[in-house]
Amino acid sequence: MTTTIDAAGDAMTASPAGGPAIVTRGLTKRFRGGQIAVDHLDLTVPRGAVFGFLGPNGSGKTTTIRMLLGLVTPTSGSSSILGAASPVQALTRVGALVEGPAFYPYLSGAANLRRFDAADPSADPRTVGRRVAEALDRVGLAAAAKKRYRAYSLGMRQRLAIAATLLGPRELLVLDEPTNGLDPQGTREVRNLIKDVAAGGTTVFVSSHLLAEVEQMCTHIGVMSTGRLVAEGTLTELRSASVPRIRVETPDSSLAAAALTAFGLTNIIPAPGEVSAELGDALPERVTAALVREGIAVRGLQVVHPTLEDVFVHLTGEGFDVEA
Amino acid sequence: MSKVGPLGEGLSVSAGVQADSSAVSAGPRARSLSGDGPESPRGALAGVRAGVRLLRSEIGLTFRRPRNLALLGVLAVVPLVIGVAIRAAGDGADSFVGQVAGNGLVLTFAAFFVMLPLVLPLAVGVVAGDSIAGEAGLGTLRYLLTAPAGRTRLLALKYANVVVFAVAACALVAVSALVTGLVLFPVGPVTLLSGSTIPLAEGLLRIGLVALYAAAGMAALGALALAISTLTETSIGAIATTLVLVVVAQVLQAIPQLAVIEPYLLTSWWAGFDGALRDPVATDQMGQGLLVFAAYIVVCGSIAWARFTSRDITA
Amino acid sequence: MPKRARAVRWGVPIAAIAVVAGAVGAGPVIAAVQGDPVLPERTAQQLLADVGTRWKSGELPPMSGTIIETASLGVPGLSALTGEATGPVALLAGSHQVKIWYGSDSQIRLALPSHMSEHDLIVNGDQTWWWDSAANTATRIKTPPMPSEPALPPAVITPQEAAERALAAADHDTAVSVGNDATVAGRAAYELVLAPRAATSLVKDIRVAIDGETLIPLRVQVYAKGAAEPAFEVGFDSVTFSRPAPENFEFTPPAGAKVQDGEMPALDQDRAALREHAEDGELKTVGSGWTSVVVLPFATADLAEGEKQGHGPGLAVGAMADGVLKAAEPVSGAWGNGRLIRTKLVSALLTDDGRLIAGAVTPEVLYEAAGRK
């Protein structure tokens, strides 16, 4: 494993600014009970990307994030953020929101931010007042700065946690489910905030179990399922990777299925009253002509482009918005 | 004592830079990178400044927390209660504590005599037991570590904060008892356990000695509680375990058949503060006590370090 | 590798524990490594003679130090009692500390520290004080102690006194030899071994460590037969041969303390009582040397009474009655019936006809004495 690290380290130290923001190689976490939370994860997040880390609850997203941030030691494999050899060396340039907000209930929002700023050895104490005020302002908590955290609503707590990630100049934001507990208005604000931060050149790594959310703000997507990365790429790549299907409405579906097979289509699914098949590169009009030639009663015909959701359900075997 | 080296080294390195250990890649490269910081004087100075800032934040948190303020309140009130009780009961007792009625300064010693077995350990145990487990329970530990506070650095500063609290707690008891004694009773030269009498100024010096010795004993307890605190994610569990250990140790201490283990128990050395009340001061006994405290701090501190720097933060 | 890193990490506390354990055990280890100190060879006779001359020639050199007294006599029910007691009585069981400052025969201070209290005996010229901080009482002792018989509590035996007694016992029924040199309080010492010749004695031997330089007895150990650890030990834990500061011997009763005139509290009364018993002919000894046993009239009713009156440590046997009697085993023989109490070092027989027979001997010797009415 030492060799893996060194190889990764060399690659990253060679071009610290240009290298990927996050690299993992064979990253694995097996908990003491024996269950594997993350299984040989090879992930690359390019600089400047807004990376959507998508997967159902329990698919290993949070464990991966904890390993990236050095909170959990991997069982095997390696990870690196911002080209640093160890997470701690990079963390001053990283803002992180891990598994929901956690603050001191008896301190005000502003005092809480000061507390975490004090823990960062690279933070400048002279500018802390300004930076805290700015961060609170960015998440719309300026008015509640002096209020005790105990009195914050769920949405305000989530906003404060996001504010904490914005206390300093960041090269990377790691946001674990950032819109949890936010109302639609808050969700939209966070989305805009992320776009805004990304526009400034910061890499953003957002985990979510909500496809729609990721689809709306991410440039890259990685899909986790039971500890494995099942798909990774840009949004367009993933969309184009999906194959369109042709759906034929007909009373004689078995005949139609035979005709489609004869035409050379694959993955044919006959059903009562209809039959579908993978279209591939074939032209729909040719397929129609072939069906008509065979004398099959075609009542309707449709070319179906699968949604991202269909793709992910196909990849992970379940839906993402189970909780939504 | 030379074996303390690795721990001390670890502390200084990570005070300078956040050299952390949990790193997947604590290989040779990590070491050389982290070594750069403390070697340059400016880096070291900045590291110390940042450390002081976090320590101030810790202390601020400790002394602003309502629960801790309540504990300090109890520490301040107990000597007052003892004083008032003695005042109300009159000087019936012939014992050392009975002398309080004749000399207010003695109330300080009486206060430590009464509070060292349980009240002071309670206060220090709560703060120290809470130090890591409390942050883990709140979830703030993961944000401190991603800030990044650095594990060794955070642990060292948490312990420094516990020591500050222990000193403050003992000083508070001494001051509260002193003020109560001055107000309620006459004050004059102090009679020591050995029967000799020392002037007022030396009496105050001995009070300071007692308070410092007690603070050292409480700092040792703090190290124990800190080690327990790294083992769990519930602060109540860590605090309760610490206090149960204190009580069990004192029960064992009271069983004559178990006299053999008495010198190894932390609690049996707390009582050694009475060495400051003898003539001449029982430096051998108190010195041995301080060595025992130091041993507890080194052993418990290194256990806490080993555990905290290798543990997965899943809370 | 994370596993290896974790193992390395835990190596630090393990090393720390090893260092502390090493420091704790360093004393014995260093002593073992250094081996026995080597002193100029002296036979038992030479040693006794040298010690004798040194003692006759007058005063001990000025010194101060700490004496540790450890008794594990194995008296059933004793520890429960003495756990509560403070002061001299407590010395009968467990381990205790006495600090000593010795300037000359007329300048002695003994301090018995216990938690938040202290007993002090201060002899300065013609003044002798007994200070009890718990009772806040200073007692002016009437008769200054004779140099030949220091007015120490009998349980607080200085090495000097203990050695003197041991040497006095060295007659025809004792095998006297010089054992391996020992280290006591960091000083090289001769070890004089006194072993009883009588098989019926419970004492294996008495070892007296005598400082190689000053010939001051530094330690006395009494070994019972079949025991690896001494049943009774009194010796210096630390000692310095220099004149203690004069203020150690100054004592002025503090303001507010009770000042009274009297004898050594409790102790002398008991001695007087013993003497009285002997003069009345009630107390007698049977046998001689190591196997001598004391016979005195004793009824269990006396025990309860003695307890009530709070007799001092000399007859503290009374106060321990309950616990000890419970552990006594009923015995009978040609001499009659009674109850036998066995400890490591002492056997005692309480006969039903109201006699207490005790000695550092096997029960058979007691039965024999019981038969001689």
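Me: In which strand of chain A does A:Asn267 lie?
Reply: In this predicted model, A:Asn267 lies in strand β11, which covers residues 266-271 of chain A. Its phi is positive, about 55°, although A:Asn267 is not a glycine.

Me: Why does A:Asn267 count as partly exposed?
Reply: The relative accessibility of A:Asn267 is 44%, and since buried means under 20% and exposed means over 50%, with partly exposed in between, A:Asn267 is therefore classed as partly exposed.

Me: What makes C:Leu215 count as buried or exposed?
Reply: C:Leu215 has a relative accessibility of 3%, and because the cut-off for buried is under 20%, C:Leu215 counts as buried. C:Leu215 also has a positive phi, near 60°, in a residue other than glycine, and its place is the loop between β10 (203-211) and β11 (217-224) of chain C.

Me: Why is A:Met156 called buried?
Reply: The relative accessible area of A:Met156 is 18%, and because buried means under 20%, A:Met156 is called buried. A:Met156 belongs to helix α6 of chain A, and with neighbours within four places in sequence left aside, A:Met156 is in contact with A:Leu141, A:Ala144 and A:Lys147. For A:Leu141, which is 15 residues apart from A:Met156 along the chain, the C-alpha separation is 7.3 Å.

Me: How do you know that β14 and β15 of chain C are joined, and how do they run?
Reply: Two strands pair if there are at least two bridges between them, and three bridges join β14 (residues 284-286) to β15 (residues 293-297) in chain C, so the two strands pair, and they run antiparallel. One of the bridge partners in β15(C) is C:Val294, which is set against C:Thr285. The hairpin of β14(C) and β15(C) has six residues between the strands, and in this hairpin C:Gly287 takes a positive phi near 85°.

Me: What joins β15(C) to strand β19 of chain C?
Reply: Four bridges join β15(C) to β19 (residues 355-359), and since at least two are needed for pairing, these strands also pair, again running antiparallel. Among the partners, C:Val295 is bridged to C:Ile357 in β19(C).

Me: What kind of peptide bond joins B:Ala147 and B:Pro148?
Reply: The bond between B:Ala147 and B:Pro148 is cis, with omega about 0°, and B:Pro148 sits in the loop between α7 and α8 (151-184) of chain B. A cis bond also joins B:Asp279 and B:Pro280, where omega is about -5°, and B:Pro280 is in the loop between α11 (267-270) and α12 (283-310) of chain B.

Me: Where in chain A does pLDDT stay under 50?
Reply: Over residues 1-16 of chain A the pLDDT stays under 50, and the model has 15 contacts beyond four places in sequence for them. Residues 319-324 of chain A are also below 50. Where pLDDT is low, the predicted coordinates should not be read in detail. For chain A the mean is 86, with 92% of residues at 70 or more.

Technical notes:
Residues are numbered from 1 along each chain as its sequence is written. Chains are lettered from A and ligands numbered from 1 in the order in which they are written. This is a predicted model: local features need pLDDT of at least 70, side-chain atom pairs count only at pLDDT 80 or more; totals for chains, interfaces and linings use all residues. Side-chain values use heavy atoms; hydrogens and water are left out. pLDDT is the predictor's confidence in each residue, from 0 to 100. Contact means heavy atoms within 4.5 Å. Buried means under 20% relative accessible area, exposed over 50%, partly exposed in between (1.4 Å probe, protein chains only).
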